[in-house]
Amino acid sequence: MNREPDTLPEALSLSERQAYWSPDRVRHYYVRFDANGEKTYACPHAIYKFYEGDMEQAGNSATACDSGWMRRGLAEIVSRAQAIGGAREAEVTDPHTGEIYLIRVYPDEQGFSAFIERTSASGTLMSAAEQMVQSLFEHSPDAVYLLDMKGKYIQVNASCVRISGYSAAELMQRDFSGLVVPQDFPRVREHFYRAAEGAAQSYPVRIYRADGAMRNLLVNNFPIIDNGQIVGVYGIAKDVTGEYVTEALLRKSVSLLEQSQSIAHIGSWEMDAKSKRMYWSQESFRIFGMPPSRDGHVDHKGLLKAVLPEDASRVLEAWRDGWRNHSFQSECRIVRPNGEERIVFVKGQVNAGDHSRMTGILQDITVLKSTERQLLESEQRSWSIIHHHPDGVCALDLDGSLIGANPSMERLTGYSAEELNGQSYAMLLTPSEAERVSREYMNTADGQELQRIDSELLRKDGQVIVVTNTVVPIIVGGRRVGTYVIIKDMTDALETEELLRKSDKLKVVGQLAAAVAHEIRNPLTALKGFVKLLQSQYDEAKVPYLGIIQEELSRIEFISSELLVLAKPQVSRVAQVDVREVLEQTIMLLATQAVMNNIEISLVAQDEAALILGDGNQLKQVFVNLLKNAIEASSPGCLIEVGIHLTEEELRLRFADQGCGMPAEMVGRLGEPFYTTKEKGTGLGYMVMRRIIESHHGKLAISSKLGAGTTVEVILPRRLQEQPIHRVPAV
């Protein structure tokens with residue numbers, strides 16, 4: 001490349017000047033442009049050859065000619081270089097002489113430098129086809145680029161710069177991996193390798209622009225082949241971000257429509273009478289339980305096969321009327337392919353602009369019909385509840401007159417429903433109660449809060465019973481139109497309340513037992529201390545009764561401790577319990593009572609410990625109750641057998657006495673509150689025992705025969721479940 005020439009010597013003659021500027025003598029030219037594409041400098045040869053407007057600077061020569069073609073070519077190439085921020089090259093042809101010039105433009109610190117070379121050497125000129133390819137490369141609206149075998153950019157066009165946001169120089173310093181979204185890179189790399197092996201590739205990819213924005217591209221890669229060898233990869237990338245957004249919005253709209261139809265169970269359809277074809281939405285297919293067709297079309301004649309035969313003719317007639325009357329609607333039952341029966345509402349309307357087309361909806365109203373049926377059934381159930389309610393239920397109008405009564409009301413009052421109908425509710429009250437109850441009833445009826453009113457009810461036979469009245473307003477359309485009165489006979493409840501008061505007395509007795517046991521233990525402590533003092537002063541041989549006294553005092557202390565356990569419930573503590581040891585302690589506790597009644601208690605058990613997880617105090621309470629019952633039920637001279645049978649999974653305890661026994665009907669009633677076979681019993685002992693055994697996840701079984709004794713079997717698991725044991729208070 002020639003340097004910028006010095007000023008032309010003044011001594012040269014005109015012929016010498018013309019020879020100096022001769023085109024045959026100069027092959028290289030240089031022009032400089034600023035960042036805006038404006039020429040800032042040109043060598044004298046370029047001024048003479050291409051810028052005829054500067055003829056005075058180049059000397060007066062007739063060889064200068066119109067060179068606008070070169071200036072236009074330079075401006076276009078510089079513009080391309082500006083677009084990509086990198087080097088560009090191109091060939092231009094002198095239209096007057098046919099000479100070909102190779103132009104190379106490079107960016108520099110001041111702007112751009114253009115180097116022009118006049119050439120005619122073979123192989124340096126681009127063919128017309130090559131120039132067309134070059135023009136396509138540079139002017140393509142899609143990003144076009146060349147990659148070497150390592151994936152580095154060799155050449156990029158202006159669209160590549162525009163889409164990526166990087167200049168050509170910046171792209172030349174990196175490979176494609178620097179632009180690709182990391183999640184897409186493994187897939188894109190695989191496509192690049194396949195293209196580099198000779199297979200054309202087409203795939204979508206996401207890239208990050210220089211400003212951080214993400215773009216969606218559709219990329220095509222082709223191998224670059226030179227002399228039969230693959231030397232790189234040619235790429236064309238189309239920015240489809242806008243299409244992606246539009247497609248995403250369309251998919252969103254379709255999805256919202258499908259979701260709305262799915263939520264409402266409403267499908268849409270359209271029919272063309274000319275082609276006899278019907279189009280269905282996705283929900284329409286779902287309503288009929290059919291898989292969607294590829295194009296959404298269905299055979300409407302085949303649909304009638306899904307309609308129950310009883311409804312098919314009616315639907316077909318409504319369909320035909322719809323075409324004549326421009327609209328129709330109908331309901332029918334269909335059977336899905338899986339055999340499920342559904343109820344469908346169909347509605348259609350002929351299009352106003354095209355009478356050969358009808359648009360409509362399909363709605364699955366199975367749930368709606370089911371709801372209607374449930375409402376009817378609910379109304380019937382409500383009446384059934386009132387009709388079969390164990391308490392008396394009557395309906396009153398706003399004047400307090402009876403307008404309805406259930407059978408329980410008839411039994412409670414002794415009047416029939418016909419006798420009660422139209423009568424005042426005050427008729428069922430004693431004279432002393434009528435005014436008070438009416439006043440309280442009116443106050444309750446006018447207010448919002450429900451209230452229970454206790455009163456005395458006067459039966460038809462003259463008997464007076466204590467009842468409680470629950471007043472419930474009858475609301476229809478937001479207005480009270482009457483009142484329900486639920487009348488409950490409180491006779492049994494009052495008796496139960498009396499029994500509960502007696503149980504409170506038992507609680508007081510238990511507290512008294514605890515106090516007595518506590519008072520006994522105080523003097524016992526002093527007595528045991530003095531006995532130990534005497535034993536330390538005298539030999540046991542001299543005073544042999546001191547040991548006996550010590551043993552009896554320990555026995556009294558043990559019995560008082562047991563009284564405290566039974567009288568005052570302890571905090572439940574689940575631990576490993578030796579049931580045999582607990583039974584031995586219980587037998588020892590009740591041995592005195594058994595001896596006083598001339599009854600023997602025999603324990604039959606294996607030598608090994610009967611260990612389970614449980615609460616020893618609660619189990620002892622059960623054993624005390626069982627043995628006390630057995631002693632009280634046995635006659636003098638009888639034997640009570642207690643047996644223990646142990647397996648890996650459970651422990652079985654058997655308590656068998658030779659007492660009077662019980663009939664089967666009495667055994668069946670055991671466990672009912674306050675039911676007892678004892679003259680002074682409360683019936684609470686068995687109930688407490690059963691609750692304790694159930695809290696240990698065990699079972700309690702009783703078998704008895706009148707005159708032959710009773711056997712009670714307690715079955716306890718050796719490993720407790722995760723449920724905790726609840727403390728059951730002693731009775």
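Biologist: Are Lys49 and Glu99 buried or exposed?

Modeller: Lys49 and Glu99 are both buried. Buried means under 20% relative accessible area, exposed means over 50%, and partly exposed lies in between, with a 1.4 Å probe and protein chains only. This is a predicted model, in which local features need pLDDT of at least 70 and side-chain atom pairs count only at pLDDT 80 or more, while totals for chains, interfaces and linings use all residues. Residues are numbered from 1 along each chain as its sequence is written, and side-chain values use heavy atoms, with hydrogens and water left out.

Biologist: What makes Lys49 and Glu99 a salt bridge?

Modeller: The closest N and O atoms of Lys49 and Glu99 are 3.8 Å apart. A salt bridge needs a side-chain nitrogen of Lys or Arg within 4 Å of a carboxyl oxygen of Asp or Glu, so the pair qualifies. Lys49 sits in helix α2 (residues 44-50) and Glu99 in the loop between β3 (88-93) and β4 (100-107), so the pair links distant parts of the chain, 50 residues apart. The helix and strand names follow DSSP runs numbered from the N terminus: helices are H or I with at least four residues, strands are E with at least two.

Biologist: How many salt bridges does this rule give?

Modeller: The count comes to 28. Side chains of opposite charge can pair when their charged atoms come close.

Biologist: Why does Asp184 count as buried?

Modeller: Asp184 has 7% relative accessibility, so the residue counts as buried. Arg206, with a relative accessible area of 28%, is partly exposed.

Biologist: Which residues join Asp364 in one network?

Modeller: Asp364 meets Arg342 in a salt bridge at 2.9 Å, N to O. Arg342 is in strand β15 (residues 341-350) and Asp364 in strand β16 (residues 357-364), 22 residues apart. Both Asp364 and Arg342 are buried. Through salt bridges that share partners, Arg336, Glu340, Arg342 and Asp364 form one network.

Biologist: What makes Ser164 buried?

Modeller: Ser164, in helix α6 (residues 158-164), has 3% relative accessibility and therefore counts as buried.

Biologist: Which backbone nitrogen does the side chain of Ser164 reach?

Modeller: The side chain of Ser164 reaches the backbone nitrogen of Tyr166 at 3.2 Å. A polar atom of the Ser164 side chain also lies 2.8 Å from the backbone oxygen of Cys160. A polar contact is a pair of N or O atoms within 3.5 Å; within protein, one must be able to donate a hydrogen and the other to accept it, and residues adjacent in sequence count only if both atoms are side-chain atoms. Leaving aside neighbours within four places in sequence, Ser164 is in contact, meaning heavy atoms within 4.5 Å, with Leu171, Leu179, Arg209 and Ala210.

Biologist: Why does Asp311 count as buried?

Modeller: The relative accessibility of Asp311 is 6%, so the residue counts as buried. Asp311 is in helix α12 (residues 309-325), and its side chain reaches the backbone nitrogen of Arg333 at 2.9 Å. Leaving aside neighbours within four places in sequence, Asp311 is in contact with Cys332 and Arg333.

Biologist: What makes Leu303 buried?

Modeller: Leu303 has a relative accessible area of 12%, so the residue is buried. Leu303 is found in helix α11 (residues 300-303). Not counting residues up to four places away in sequence, Leu303 touches Met278, Trp280, Phe288, Met290 and Val298.

Biologist: How many disulfides are there?

Modeller: The count is zero, where a disulfide is a pair of cysteine sulfur atoms within 2.5 Å. Cys43 counts as buried at 1% relative accessibility, and Cys394 counts as buried at 1%.

Biologist: How many helices and strands does the chain have?

Modeller: The chain has 22 helices and 28 strands. Of its 731 residues, 37% are buried. Among contacts between residues at least 6 apart in sequence, 51% join residues at least 24 apart.
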